[in-house]
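Please open the structure in your viewer and keep the selection tool at hand. The tour moves from the whole chain to one pair of elements.

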Amino acid sequence: MRWTCFFFLLACPAVMAADGPDAGAPPTSGDPVLATLDALWRDRGDPAKAEEGIRQGQAAVAAKPDDVDRMYRLARATLWVGDGEENNDRKQKLGREVWDLGDRMAKAR
């Protein structure tokens, strides 16, 4: 999981410089799906909202599989949930999903 976090932070330097709940968030470009995912991200302290962010992020990526902004938001939510996960099997699964999303984002760019 540490390598996943390291890779994710290298791929998304804005996350490292974030200062506040919305700092470092990429613009939504008027996409209502991105705005919804960002709203869920702001409420990520609630575990139900964090899980909902993953579910909606997966649906958003399924609708537009090559959209880097949607992949980023799904990776961000998945990493958040995985980092707080106590079940090691699920933590490893979520970490692998973030890693795969990072690979997909690199290819899409």
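Followed from the N terminus, the elements run α-α-α-α-α-α. This is a predicted model, in which local features need pLDDT of at least 70 and side-chain atom pairs count only at pLDDT 80 or more, while totals for chains, interfaces and linings use all residues. Residues are numbered from 1 along each chain as its sequence is written, and side-chain values use heavy atoms, with hydrogens and water left out.

Next, colour the protein by burial: of its 109 residues, 34% are buried (under 20% relative accessible area, with a 1.4 Å probe and protein chains only).

Now select residues 32-42, which form helix 3, together with residues 47-63, which form helix 4; the two pack at an angle of about 160°, with their axes 9 Å apart (axes are lines fitted to C-alpha atoms over the stretch in contact, and angles run from 0 to 180 degrees between N-to-C directions). Helix 3 is therefore roughly antiparallel to helix 4, a term for angles over 145 degrees.

Finally, show side chains where the pair is in contact (heavy atoms within 4.5 Å): Val33, Thr36, Leu37 and Leu40 of helix 3 meet Lys49, Glu52, Gly53, Gln56, Gly57 and Ala60 of helix 4. The residues of this contact divide into four nonpolar, four polar and two charged, with Gly counted among the polar ones.

Terms used:
Helices (H or I, at least four residues) and strands (E, at least two) are DSSP runs, numbered from the N terminus. Buried means under 20% relative accessible area, exposed over 50%, partly exposed in between (1.4 Å probe, protein chains only). Angles under 35 degrees count as roughly parallel, over 145 as roughly antiparallel, 65 to 115 as roughly perpendicular and the rest as oblique.
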